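Thanks for coming, everyone. Let me put the structure on the screen, and then we will walk through it together.

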Amino acid sequence: MQDTSKQYDAVIETCKKLFKKKMSDYGSAWRILRMPSLTDQIFIKAQRIRGLQENDIRKVDEDEISEFIGIINYCVMALIQLNKGIAEQPDLSLEEAVSLYEDQIKVTKALMQDKNHDYGEAWRDMRVSSLTDLILQKILRVKQIENNQGKTLVSEGIDANYQDMINYAVFALIHLNKE
């Protein structure tokens, strides 16, 4: 599992670098996004990945990798929004946003390590397309929870679903980086 931890950190470092660059370009404008808007952004990226996996012809010269990175970063933003609430105006400096990003990743990685231990790294035998489908399923679950005003009867909450999406996207990127 030590290899998984290093691979995870390498993927997250790539994602965090892009997050920092976008924060430098746009500031924390994403702080005004309501939860359904973030969920829809993740949905769009996951749908695009699925389309790329199913279609032979690509009209935009981007691959799955950039979309999985986008899923990770939008999920982190969503987790930050869940904890801080939605802002009326951009309100985070680059340093604050990166610190919050790192806090969310720390918790999410710990969850991955616990589940990875219990599941025996089963994700290593999964296809990237299956990880994509699991992300889409989690998005649809989040949409349903949002439609229920955040209430669940027996299911995990929205935060756990975003964390799982991050971890599935990291696993997909680990697979894609080996190819």
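A reminder before we start: this is a predicted model.

The largest pocket holds about 450 Å³ of space. Which residues sit closest to its centre? They are Lys 22, Tyr 26, Asn 73, Tyr 74 and Met 77, out of 18 residues that line this pocket. Two elements, α1 (2–26) and α3, each give two or more residues to that lining. The largest share comes from α3, with seven residues.

Now the second largest pocket. Its space is about 300 Å³. Here 14 residues form the lining. Nearest the centre you will find Lys 115, Tyr 119, Trp 123, Tyr 168 and Phe 171. The elements giving two or more residues to this lining are α4 and α6 (158–178). By class, we have seven nonpolar, two polar and five charged residues.

Helix α3 covers residues 64–84, and helix α4 covers residues 94–119. Their axes come within 10 Å. How are the two helices oriented? The axes cross at roughly 100 degrees, and angles of 65 to 115 degrees count as roughly perpendicular. Therefore α3 is roughly perpendicular to α4.

Who makes the contact? On the α3 side, we have Ile 72, Asn 73, Val 76, Leu 79, Ile 80, Asn 83 and Lys 84. On the α4 side, look for Ala 97, Leu 100, Tyr 101, Gln 104, Ile 105 and Thr 108. Sorted by class, the contact residues of these two helices are eight nonpolar, four polar and one charged. Asn 73 of α3 is in this contact, and Asn 73 is also among the residues closest to the centre of the largest pocket.

Keep Tyr 101 in view, please. We turn to the aromatic rings.

A pair of aromatic rings is described by the distance of the centres and the angle of the planes. How many aromatic pairs does the model have? The count is three. One of them joins Phe 19 and Tyr 101. Their centres are 4.7 Å apart, with 40 degrees between the planes, and the pair is tilted. This pair links distant parts of the chain. Phe 19 sits in helix α1, Tyr 101 sits in helix α4, and they are 82 residues apart.

Technical notes: Residues are numbered from 1 along each chain as its sequence is written. This is a predicted model: local features need pLDDT of at least 70, side-chain atom pairs count only at pLDDT 80 or more; totals for chains, interfaces and linings use all residues. Side-chain values use heavy atoms; hydrogens and water are left out. Axes are lines fitted to C-alpha atoms, for helices over the stretch in contact, and angles run from 0 to 180 degrees between N-to-C directions. Helices (H or I, at least four residues) and strands (E, at least two) are DSSP runs, numbered from the N terminus. Angles under 35 degrees count as roughly parallel, over 145 as roughly antiparallel, 65 to 115 as roughly perpendicular and the rest as oblique. Contact means heavy atoms within 4.5 Å. Ala, Val, Leu, Ile, Met, Phe, Trp, Tyr, Cys and Pro count as nonpolar, Asp, Glu, Lys and Arg as charged, and the others, Gly among them, as polar. On a 1 Å grid over the protein atoms alone, a cavity is a set of points where a 1.4 Å probe fits but cannot get out, and a pocket is an open set with protein on both sides within 12 Å along at least five of seven lines; lining residues have an atom within 4 Å of a point. Grid points are joined across faces, edges and corners, and a volume is the space filled by probe spheres set on the points. Rings of Phe, Tyr and Trp (its six-membered ring) pair if their centres lie within 6.5 Å; planes under 30 degrees apart count as stacked, over 60 as edge-to-face and the rest as tilted.
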